Amino acid sequence: SVHLEMPLPAVASLGAAWDPVPSVTLTLDAQRVFWGELDELLFTPLGPAPEDSVALGWEDVWTWRIGAEARRPEGFAIRLGYAREDSPAPRSGVTPLFPDAERESLSAGAGIDWRGVVIELAYRLTVLDDREGVALPDEAAGPDGVYESTEHDFSIAVTRRF
């Protein structure tokens, strides 16, 4: 067994929303994530083994999101969104532990307020850029392989307020 502490970075966000007409909302969001503050991960075994640290060398990054929502008076809404996230990991930090890369996401969703119950459905496709990586962070040789990733997220929410 092992214990890992990973402090989360500070995040600065700035967002704006605009209603060009009463039934449409457009949004823009920018975030700066301060991953550079996280120098290493420290694994502490729960036994007699020594502590082991993994150097990260991560950088601060930007995340950008835009979205739109159109609403009908009957309580029906449709939503679309796009996001672009940079990766904090340098090439030497792209390992099986953190196979991170820049990513883009497209999302779509719909919601309806039916007799006081809100039902929402959503889908998000996230594609990470192909990224070369190493097996161990301290290897100075070239990359050991390429990490590829595509993510499909489906969600359903049912809300009843009392």
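A pocket is found on a 1 Å grid over the protein atoms alone: it is an open set of points with protein on both sides within 12 Å along at least five of seven lines, and a lining residue has an atom within 4 Å of a point. The model is predicted, so local features need pLDDT of at least 70 and side-chain atom pairs count only at pLDDT 80 or more, while totals for chains, interfaces and linings use all residues. Residues are numbered from 1 along each chain as its sequence is written, and side-chain values use heavy atoms, with hydrogens and water left out.

**First stop: the largest pocket**

Select Arg65, Gly81, Ala83, Ser107 and Arg124; among the 16 residues that line the largest pocket, these lie nearest its centre. Elements giving two or more residues to this lining are β3, β6, β7 (76-85) and β8 (103-114). Such strands are DSSP runs of E with at least two residues, numbered from the N terminus. Colour β7 next, as this strand provides the largest share of the lining, six residues. The volume of the largest pocket is about 260 Å³, where a volume is the space filled by probe spheres set on grid points joined across faces, edges and corners. Its lining comprises six nonpolar, five polar and five charged residues. In this scheme Ala, Val, Leu, Ile, Met, Phe, Trp, Tyr, Cys and Pro count as nonpolar, Asp, Glu, Lys and Arg as charged, and the others, Gly among them, as polar.

**Second stop: the second largest pocket**

About 200 Å³ of space lies in the second largest pocket. By class, the lining has seven nonpolar, three polar and five charged residues.

Seven of them form an open antiparallel sheet in the order β2-β3-β6-β7-β8-β9-β10. Because β2 (11-21) and β10 (145-160) stand at the edges with a single partner strand each, one side of each is left without a neighbour in the sheet. Two strands pair if DSSP finds at least two bridges between them.

Follow the pairs across the sheet:

- β3 (residues 24-33) and β6 (residues 61-71) run antiparallel and are joined by ten bridges; the partner of Gln31 in β6 is Thr63.
- β7 and β8 pair in the antiparallel sense over ten bridges; Gly81 has Ser107 in β8 as its bridge partner.
- β8 and β9 (residues 117-133) run antiparallel with twelve bridges; Arg103 is partnered by Leu128 in β9.

Zoom in on the turn of the hairpin formed by β8 and β9, which has two residues between the strands; Arg115 in this turn has a positive phi of about 55°.

**Last stop: Ile112**

Select Ile112, found in strand β8. Is Ile112 buried, exposed or partly exposed? At 35% relative accessibility, Ile112 counts as partly exposed, a class between buried (under 20% relative accessible area) and exposed (over 50%), with a 1.4 Å probe and protein chains only. Residues up to four places away in sequence not counted, Ile112 touches Gly75, Phe76, Val117, Val118 and Ile119; contact means heavy atoms within 4.5 Å.

Definitions and conventions
Helices (H or I, at least four residues) and strands (E, at least two) are DSSP runs, numbered from the N terminus. On a 1 Å grid over the protein atoms alone, a cavity is a set of points where a 1.4 Å probe fits but cannot get out, and a pocket is an open set with protein on both sides within 12 Å along at least five of seven lines; lining residues have an atom within 4 Å of a point.
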